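Q: I have a structure open and would like to learn how to read its features. Could you walk me through it?

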Amino acid sequence: MVLAAAERATPTSPCSPVGRAVWSGARYDDALGRARGMRDGGERVIRVLVAKPGLDGHDRGAKVIARALRDAGMEVVYTGLHQTPEQVAEAALQEDVQVVALSILSGAHPTLVPRIAGLLQQNGQGDVLLLLGGIVPEQDVASMLDAGVSRVFGPGTDTRDIVRYIQERVGDS
Amino acid sequence: MTGTPPLVAAEVLAGQRRAVSRALTVVERGGPEAEALLQTLLPHTGHAHVVGITGAPGVGKSTLVDGLALAARAQGQTAGIIAVDPSSPFTGGAILGDRIRMQDATMDPGVFMRSLASRGQTGGLSRAAAASLTVLDASGFDWVLVETVGAGQSEIEIMALAESVMVVLAPGLGDDIQAIKAGILEIADLFVVNKADRPGADASVRELRAMLRLAADPPPWTPPIVTTVAAERRGLEQILAELARHRAFLEETGRRADRRTHQVETLVRQAVWDAVARRLAAAREDPGWARALTAVAAGTRDATGLADQVLRGAGGMADGIH
């Protein structure tokens, strides 16, 4: 009865994420199915670094994005505030992310973004999808794209558009 | 992705950071590539002192790990860190925030920190953790620190992979002892009362002492209790010293080899588990699966027989059912 034991094993770990789902009843089968799918399929989960480089202390936007990406099934590493370009690149290296999403509201993007892109390149992560959000004036967008940013998402962006964009760009790799 | 050079095991063994990082991704994903890599790396493990750090949310585990890594660096040693956070069971997504409290150590070239999402796997988390520890150990780190929220079966399994287990408490978070007594107390090799500058720290230490004295037989190793203020980096050298003492105890008593056998057993056990899970998934995709289940429900076929068929991986679930 190995399999019966296997079937029971999940719900009897009350503190594992899957086990907890048992308490929400109807959604349990769904959650268990997803957990199985992840375990069995060996699929590549999309890992994203959400980073706040520079000195502005406003991370509401970054947290909203992190939450939206998590809810889309991605693994989101959040760095916290006041990151240097070196810290962002080092975190991307250690976490082996496919996406780096920067949030900058201070206007320091012309300095910070090319520096981060350069460090990613230097670390052998030039193929990482680099995204930029926050306050980026229209006239700066072209130079950001030149610096290596794939896309700039300004205020008012629907988080679903960001999710879709990431899934399209790195979903099948 | 295109343009990414192949992963070279020699670069992992040399501790080359990009290679270590990619190796962690490979072994976490599992599958044949992971098995082959682990096979190459396993003979090179055994150097690192693997320490499990567990405790309730908010007791200061991440800050403590950050401080311990820096304290190890100050003694000329290196540290690899695995921090586990839960995945959502509904979307599979996760927010991994342990780096926020590990800002100081993670920029040190002698420290490497990786966040690991639990991915809602039955037992799979301990496989991923065991494999990740193997990678960091083989990469030559002197210390490998693995941090989990101390609750649940899989977390206890991860702690069982460590040579030394540190259970962290903090005063003022409700009844600490109540929170840790289910399963966690027994696995502790070292207790840390963090935030010891707060009121109630002395009481926590007293309660722990009292609880340890309740043991019927005096155990061969009595877990020491260390008080720390991790945010101010106080007490961290003492933790390293106690951990070194514990390792010496393990070596003298032959227990270190046992732990290593256990770690390898976990890798094997999880490989078996993965194979069973794959067979079951394949069976559920079989066009005859629903009919086979109906037959079991109707009593015309027995469940054990169907299970055997699943394990053989032969397919044809509805064969012989009319």
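**Reading chain B**

A: Gladly! Chain B has 13 helices and eight strands, where helices (H or I, at least four residues) and strands (E, at least two) are DSSP runs numbered from the N terminus. This is a predicted model, in which local features need pLDDT of at least 70, side-chain atom pairs count only at pLDDT 80 or more, and totals for chains, interfaces and linings use all residues. Residues are numbered from 1 along each chain as its sequence is written, while chains are lettered from A and ligands numbered from 1 in the order in which they are written.

Q: Why is strand β5 of chain B largely enclosed by the rest of the structure?

A: A residue is buried if 20 or more other C-beta atoms, placed from the backbone, lie within 10 Å of its own, exposed if 12 or fewer, and partly exposed in between. Strand β5(B) (residues 143-149) is largely enclosed because six of its seven residues are buried.

Q: Which strand pairs with β5(B) over seven bridges?

A: Strands pair if DSSP finds at least two bridges between them. Strand β1(B) (residues 49-55) pairs with β5(B) in the parallel sense over seven bridges, with Thr54(B) opposite Thr148(B). Strand β2(B) (residues 79-85) is also parallel to β5(B), over five bridges, and Ile81(B) has Leu145(B) as its bridge partner.

Q: At what angle do helices α4 and α10 of chain B pack?

A: Axes are lines fitted to C-alpha atoms, for helices over the stretch in contact, and angles run from 0 to 180 degrees between N-to-C directions. Helices α4(B) (residues 61-74) and α10(B) (residues 236-252) pack at about 75°, with axes 9 Å apart.
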